Structures are given as structure tokens and as C-alpha cells.
Amino acid sequence: MSFRAAAGAEGDAIAAFLRLYLDQAMFPLSNLTHHGMGREGRYRMRFWLREDGGRIVAALGLSAMGMVLPVLPGQRESDLRPLRGMLAGEAVDGIIGPPDWAAPLQSALGLTRASVDHRADEPGFALDLARLILPADPSLTLAPLTDTHRPLALDWRARYREEAMGTPPARSRAIAAGDIDTYIARGSHRLLLRDGTPVAMTGFNAELPEAVQVGGVYTPPAMRGRGYARAAVALHLDQARRTGIARAVLFAASDAAARAYAAIGFRPAGRMAMILFAPGTRIA
């Protein structure tokens, strides 16, 4: 059977399927859980499903902001080609998913010749929070990201986008402003303070009752190599653990980041591709 557009009433069934691939599906599952299905609002989701015997076996998610989020176990490029016609005309910002899902999907959607602003294939890591290793430095504390530190956080986020996501400097600050406003509204990010001075930022870019996905970790260049990133992540995860969350996943943008995460207990768990397209990209 080919793919079909999902109905709004199918949210629970889609969520149950996505949970089978929790480490790879945090973005679409978190968006679906917190924002629901539809076209309005940056994070609301639409899905196209493939079934076998009435059971969902693959799902393609598209957020209202144009991010394509595949959960496509066992699907070949030939299986995915019908999606191109179904999504024709849709604006797309990028594709995020495991490389063996993202690459055939990019080809099937006819996006191999699209202008790519950024492409990365990052190692994934996962952690049972019962095994979290906390820093021993009592001078390090966390503070919620609020309007008080918005100018600093905005500068750091713009630099993060340029370094880790390849966002052109001419666009990075405007995009970062929207990011920071979202983080403050959600309460999703924290600043690491050393004796009261901000030295790093961390956050969760996807959250569920049972798991979180770490994202947007940043330490300014002059403060790197001092263990601040790992401390920020560990202390934030400890807060999450105290609320009953049991698992964390993330993707490392560099070897240094991977070493930092390993130092607090994370272990390798697959890979994640991020393909970001130039503004105005549409499926033809």
C-alpha cells in the first residue's frame, strides 16, 4: 500500500507508532504531543502514513514551519516516490532524520538539486538518566533563561546558528531572535552560571513525559575547554530526572561535544542527518 494523508483524529495512533522509534522520533513526537495536528502554528504537524494490514509501518511528518521529519524504517526510495506528488508545492526548510531515512527521502522528493544551506551527519547519543554523572564544582549553578539575559542569549544563539547550522550571518540574528523568544516562552533552556556569571547555555528542543532531547548547547569560544558544556547539560538533565523523566538523547555537532557528553554518561546511539535548504525551497 502507498502512503496516504493522515486524518486529525489519528494522532494517538501516530504517537504510538512514533514511540516505537523514540530516539529517532523525538522532534515529530514532541511536536505532535504539545501542538497537535494542522497547518497553523510553527510546530503543528501533518503526517503521511504507510500501513500494512491496518498497522502503521512508516510515517512522514511535516511541521507547519516546513521541517520534514521522517520515521521510515525499512522504506526504499521507490517506496517513497509517491510522496513527491502528495507534497508538491509544499515549502520545506529541511529534513531531519537518520541518514538511511533522510537520504532516500531527499531523492524521492526531488530535492537532490535543491540549494542546501547546511548538511551534517551527526553521531547520536542516549542516556538512561539513572546513570547520569554530575559535576562536582559547587560554583556552577543553573538559571532559567529569562528576558533578563535575552541580549546575551540572542548573541550566543546567533553564533551557534552560524557555527553549528551554517546559517549565513546576514540571517542568523533574526532567526536567533525567534528561537530565544520561543525558549523563554517555553521555559526550555538554562544558563550555566559560574559564581553568578553566565558561561554556557543548554536546553531541550523536544520534551516528552518519559524523555528529553538536548539541543542548542553553546559555550562562547573564550570559555571552551573548561567543562562548562557538560556541566550545563548534566545539571539540566538532573532537573529533568527529578520530575520523573528517565531518558535523554542528543546529537553531537563535533568531536569535542561528543567527548563532553560521554563524560556525563551518554553512549553512542545511531546517527542523525540534518539537511537545511535555502529559503524558498519547495517540492516540485
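Which residues are buried in helix α1 (residues 11–19)? The legends below take up this question and the chain around the helix.

**View 1. Overall fold of the predicted chain.** This is a predicted model, in which local features need pLDDT of at least 70 and side-chain atom pairs count only at pLDDT 80 or more, while totals for chains, interfaces and linings use all residues. Residues are numbered from 1 along each chain as its sequence is written, and side-chain values use heavy atoms, without hydrogens and water. The chain holds nine helices and twelve strands (DSSP runs numbered from the N terminus; helices are H or I of at least four residues, strands E of at least two). Its C-alpha atoms occupy a box of roughly 60 × 40 × 30 Å along the principal axes.

**View 2. The buried residues of helix α1.** Gly11, Ile14, Ala15, Phe17 and Leu18 are the buried residues of α1 (buried: under 20% relative accessible area, with a 1.4 Å probe and protein chains only). Because these residues cover an arc of only 160° around the axis, they lie on the same side of α1 (the arc is that of the directions from the helix axis to the C-beta atoms). Across the whole chain, buried residues make up 54% of the 284 residues.

**View 3. Packing partners of helix α1.** The buried residues of α1 pack against helix α2 (26–35) and against strands β2 (45–52), β3 (55–63) and β4 (67–71) (contact: heavy atoms within 4.5 Å). Of the contacts in the chain between residues at least 6 apart in sequence, 71% join residues at least 24 apart.

Methods: Buried < 20%, exposed > 50% of the residue type's maximum accessible area, 1.4 Å probe, protein only.
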